[in-house]
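Work through the exercises below with the structure open. Try each task before reading its solution.

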Amino acid sequence: MKRNRIQNDPLEGLLAAARRERVPDDGFTQRIMGHIEPVPPSRNSYRIPTFATAFASVMLIVWMALSGFDPAGLTGRLERYGQRGTEIRLAPVSWQIPRTEKAVGNQAETNL
Amino acid sequence: MTTTDKYNPVGELLLVQRVRRSGDRAAFGRLVERYQSPLRRYLTHLTAGDRFRADDLAQETFLKAFTSIRQFSGLGSFRAWLFRIAYRTFLDNCRSRRPSQELDQVTAGCEMSAENTILQSALACLDDTERNVILLSAVEQLSHSQIAHVADMPLGTVKSVVARAKSKLREYLKNEEL
């Protein structure tokens, strides 16, 4: 019923005819392509600072390693740490009473 | 690729990605081949059958699409995105034209079938928005949500405009006894 009604509808007939219409290319695509300028492959220039920072960081680490750079005697401290025992201690080796301000003051007076 | 080839959304998306990433001209050429016919047909109807003006607008549309294809998100339909550019290009062109060059005054230099001539005269009884929406809906077969995107209208408005435009066209054809 509905299909018959649509088929008999002059408006639907006109719209269907318009849908069927194909516009031949006739060199249109060629004309468009002739107007298009080639685009550079990549415009991702935001990557340049990222790569530059990463490269500079790596170079800094390499330079530090080769030049024997040793801030705050880090090498010696690491060696001493390596010589310490590795057993797990449940309590400190020696108990020490924390020094209070009063104790520090008394000690200063004694020294005088 | 000809217009009779089956629509392949994945293939189309791949072509769009190639154009977006590397400015691939060959891929864009295939997109132009695929869409030149519906776009020129749509613009011909919008310009009341002025095929020369429609071709100029279509050319401008494709050039704009190429230069701004990185703005296409890839989530929606490329076809709808292209028609949106075409419609905006048409509106800009209408604003820049002289007042004497009205749409319904275009007659010369256009070869149209009898059915298209009748449709064209029927479309003249609609306003610009109704003409655009009915063409996108009934001829170019875009979904209502795609038309809402193309014409920058709420979805409910699109539905009511489609119904009103069809009603007006039927009334026109009835009065003309076609």
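**Exercise 1. A loop residue of chain B**

In which loop of chain B is Ser68(B) found? Then decide whether Ser68(B) counts as buried or exposed.

Solution. 
- Step 1. Keep in mind that this is a predicted model.
- Step 2. Locate the residue. Ser68(B) sits in the loop between α3 (51–67) and α4 (78–96) of chain B.
- Step 3. Take its relative accessibility, 17%. Buried means under 20%, so Ser68(B) counts as buried.
- Step 4. Ser68(B) and Arg20(B) are 48 residues apart along the chain, yet their C-alpha atoms are 9.0 Å apart in space.

**Exercise 2. Two chains, two inventories**

State how many helices and strands chain B has, and do likewise for chain A.

Solution. 
- Step 1. Chain B has eight helices and zero strands. Read from the N terminus, its order is α-α-α-α-α-α-α-α.
- Step 2. Chain A comes to six helices and zero strands. Its order from the N terminus is α-α-α-α-α-α.

**Exercise 3. Positive phi**

Find the loop that holds Asp26(A) and the loop that holds Gln141(B). Is each one buried or exposed?

Solution. 
- Step 1. Asp26(A) has phi near 50 degrees, a positive value in a residue other than glycine. Its loop runs between α2 (10–20) and α3 (28–35) of chain A.
- Step 2. The relative accessibility of Asp26(A) is 68%, so Asp26(A) counts as exposed.
- Step 3. Gln141(B) has phi near 60 degrees, again positive in a residue other than glycine. The loop here is between α6 and α7 (144–151) of chain B.
- Step 4. Gln141(B) has 56% relative accessibility and therefore counts as exposed.

**Exercise 4. Helix pairs in chain B**

Describe how α2(B) packs with α6(B), then how α5(B) packs with α8(B).

Solution. 
- Step 1. Two packed helices are described by the angle between their axes and the distance between the axes.
- Step 2. Apply them to α2 (residues 25–46) and α6 (residues 128–139) of chain B. Their axes come within 10 Å and cross at roughly 145 degrees. The crossing is right-handed.
- Step 3. List the contact. α2(B) supplies Arg41(B), Tyr42(B), His45(B) and Leu46(B); α6(B) supplies Arg131(B), Asn132(B), Leu135(B), Leu136(B) and Val139(B). By class, this gives five nonpolar, two polar and two charged residues.
- Step 4. Move to α5 (residues 114–123) and α8 (residues 155–175) of chain B. The angle is about 115 degrees, with the axes 9 Å apart. α5(B) passes α8(B) in a right-handed crossing.
- Step 5. Here Ile118(B), Ser121(B), Ala122(B) and Leu123(B) of α5(B) meet Leu169(B), Tyr172(B) and Leu173(B) of α8(B). The classes are six nonpolar, one polar and no charged.

**Exercise 5. The nonpolar core**

Which residues of the largest nonpolar core touch the most other members? Why does this core lie between domain 1 and domain 2 of chain B?

Solution. 
- Step 1. The core has 59 residues, and those touching the most other members are Phe28(B), Leu39(B), Tyr42(B), Leu43(B), Phe62(B), Phe78(B) and Ile134(B).
- Step 2. Domain 1 (1–111) and domain 2 (112–178) of chain B both give residues to the core, so it lies between them.
- Step 3. Follow Tyr42(B). Leaving out residues up to four places away in sequence, Tyr42(B) touches Phe83(B), Ala86(B), Tyr87(B), Asn132(B), Leu135(B), Leu136(B) and Glu140(B).

Key. Residues are numbered from 1 along each chain as its sequence is written. Chains are lettered from A and ligands numbered from 1 in the order in which they are written. This is a predicted model: local features need pLDDT of at least 70, side-chain atom pairs count only at pLDDT 80 or more; totals for chains, interfaces and linings use all residues. Side-chain values use heavy atoms; hydrogens and water are left out. Axes are lines fitted to C-alpha atoms, for helices over the stretch in contact, and angles run from 0 to 180 degrees between N-to-C directions. Helices (H or I, at least four residues) and strands (E, at least two) are DSSP runs, numbered from the N terminus. A crossing is left-handed if the near helix is turned anticlockwise from the far one by less than a right angle, and right-handed if clockwise. Contact means heavy atoms within 4.5 Å. Ala, Val, Leu, Ile, Met, Phe, Trp, Tyr, Cys and Pro count as nonpolar, Asp, Glu, Lys and Arg as charged, and the others, Gly among them, as polar. A nonpolar core is a set of buried Ala, Val, Leu, Ile, Met, Phe, Trp, Tyr and Cys residues joined through side-chain atoms within 4.5 Å. Buried means under 20% relative accessible area, exposed over 50%, partly exposed in between (1.4 Å probe, protein chains only). Domain bounds come from an automatic or database domain assignment.
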